[in-house]
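Subject: A structure for you to look at

Hi,

Here is the structure I promised to pass on.

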Amino acid sequence: MSKRVLVSGGAGYIGSHVTVELIQAGYEVLVADDMSNCDLTCFEGVKKITGREDIPFVKMSFCDEAATEKLFSDWKIDAVIHFAAFKAVGESVEDPLKYYGNNLNSFVNVIGAARRHGCRNILFSSSATVYGEPDKQPVTEQTPRKPSTSPYGNTKQICEDILRDCVAAYPEIRGIALRYFNPIGAHPSALIGELPRGVPNNLVPYITQTAAGRRECLNIFGNDYPTPDGTCLRDFIDIVDLARAHVCAVARMLDDKMEKEYEIFNVGTGRPLSVMELVNAFQKVNNLKLNYKIVPRRAGDIIAIWADPTLANEKLGWKATRTTEETLAAAWAWEKHLMGKN
Ligand code: UD1
């Protein structure tokens with residue numbers, strides 16, 4: 001009998017890619033999503049890629065405690081990956097209660113229901129945002145977390161702490177937090193990818209929409225940073241590589257390979273790339289010219305951060321494999337797929 005993994009927020013950008021990789025690795029997947037920040041485009045894409053029309057889907061919010069309880073009593077769930085959360089940094093500053101209310105309550109409900117229904121394994125979708133502006137590069141899992149600069153970032157820190165404390169208190173559960181660096185790109189099939197609502201905040205969706213003519217000009221936020229070319233440095237991680245890290249982490253839990261009951265892993269490439277280098281690579285691999293200009297720095301941006309992914313390489317047996325060029329070609333193919341639909 002294959003094991004069943006609940007993917008909360010499974011219709012979204014990361015959740016849909018993870019669902020594909022889990023199914024292709026032989027797991028049964030139960031997708032649940034409240035559809036507050038996506039439509040069914042990616043879920044339909046997941047069905048096409050996997051050839052599985054029968055993937056169960058439940059439309060629900062994990063803030064609804066009774067609905068969460070019912071889901072865990074209706075299905076035998078061996079592991080849960082919790083993605084369901086709001087993720088817009090700026091909005092979280094304007095409306096912190098929306099973020100604390102949703103991101104914390106939903107996770108508390110998931111852990112409580114998992115515990116009560118014999119689901120031992122909980123994987124939390126965390127972020128490199130917990131490191132703030134690091135004093136030393138690359139960051140390891142031991143690099144101290146810094147006080148968060150946004151309620152969104154704070155919910156990632158608090159959820160990590162909730163999981164750590166619950167695992168310490170309740171022997172019937174164990175957990176892994178994956179700290180993602182900057183996930184970008186799309187599935188090579190171009191059937192699933194990032195679908196931002198409104199004006200994108202993140203770099204790559206803004207680039208692809210500019211290339212598609214949906215935005216007039218890409219603003220590059222600052223070229224006077226203390227970095228080699230003056231633009232910020234990031235660790236851009238391909239979304240399919242990122243998704244595969246989840247499969248490795250789920251297998252580690254289900255196969256009883258964990259060394260501690262609560263583990264944290266960085267998920268990044270270990271290679272810093274500047275914003276300008278990324279823009280140039282996008283133009284080159286896709287053979288197009290992007291309309292861009294340098295504008296002042298964006299408030300709150302981190303100057304530089306990249307991962308030391310050694311722990312994930314060694315303990316999860318996972319490594320980023322896709323090149324920046326492949327990733328940026330996939331991102332553009334996805335945008336073109338969307339253009340064809342509109
Ligand atoms: C942001 C969030 C982070 C969150 C992550 C989710 C901030 C400060 N950080 O990370 O908490 O976990 O998204 O994906 O908001 N850039 C441009 N022009 C643009 C957009 C971005 O120059 O139109 C630059 C930014 O200044 C930054 C880099 O591109 O240097 C990456 O930006 P972005 O994709 O927004 O990610 P982060 O800021 O790293």
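Let's start with a loop. A polar atom in the side chain of Thr143 sits 2.9 Å from the backbone nitrogen of Thr140. That is a polar contact, meaning a pair of N or O atoms within 3.5 Å; within protein, one must be able to donate a hydrogen and the other to accept it, and residues adjacent in sequence count only if both atoms are side-chain atoms. Thr143 belongs to the loop between strand S5 (121–127) and helix H6 (151–169). Helices (H or I, at least four residues) and strands (E, at least two) are DSSP runs, numbered from the N terminus. Thr143 counts as buried because its relative accessibility is 15%. Buried means under 20% relative accessible area, exposed over 50%, and partly exposed in between (1.4 Å probe, protein chains only).

Before you go further, keep in mind that this is a predicted model: local features need pLDDT of at least 70, side-chain atom pairs count only at pLDDT 80 or more, and totals for chains, interfaces and linings use all residues. Residues are numbered from 1 along each chain as its sequence is written, and side-chain values use heavy atoms, with hydrogens and water left out.

Most residues other than glycine have a negative phi, and most peptide bonds are trans. Pro138, also in the loop between S5 and H6, is joined to Gln137 by a cis peptide bond with omega of about -15 degrees. Ala190 is not a glycine, yet has a positive phi of about 60 degrees; look for Ala190 in the loop between strand S7 (182–184) and H7. Asp256 also has a positive phi of about 60 degrees without being a glycine.

Next, the ligand. Which residues come nearest to the ligand? Of the 19 residues around the ligand, they are Leu203, Asn219, Arg234, Arg298 and Asp301 (a residue is near if one of its heavy atoms lies within 4 Å). An N or O atom in the side chain of Asp301 is 2.5 Å from a ligand oxygen, a polar side-chain atom of Arg298 lies 2.8 Å from an oxygen of the ligand, and a polar backbone atom of Phe221 is 2.9 Å from a ligand oxygen. On its own the ligand has 740 Å² of accessible area, and the protein covers 86% of that (Shrake-Rupley method with a 1.4 Å probe; for residues, only the protein chains shown count as cover). Strand S8 (218–221) and helix H7 (203–211) each supply at least two residues of the shell, and S8 gives the most, with 4 residues.

Last, salt bridges. The whole structure has 25 of them, each a side-chain nitrogen of Lys or Arg within 4 Å of a carboxyl oxygen of Asp or Glu. One of them pairs Arg214 with Glu335 (3.5 Å, N to O). It links distant parts of the chain, 121 residues apart: Arg214 is in the loop between H7 and S8, and Glu335 is in helix H11 (residues 324–341). Arg214 is partly exposed at 45% relative accessibility, whereas Glu335 is buried at 4%.

Happy browsing!
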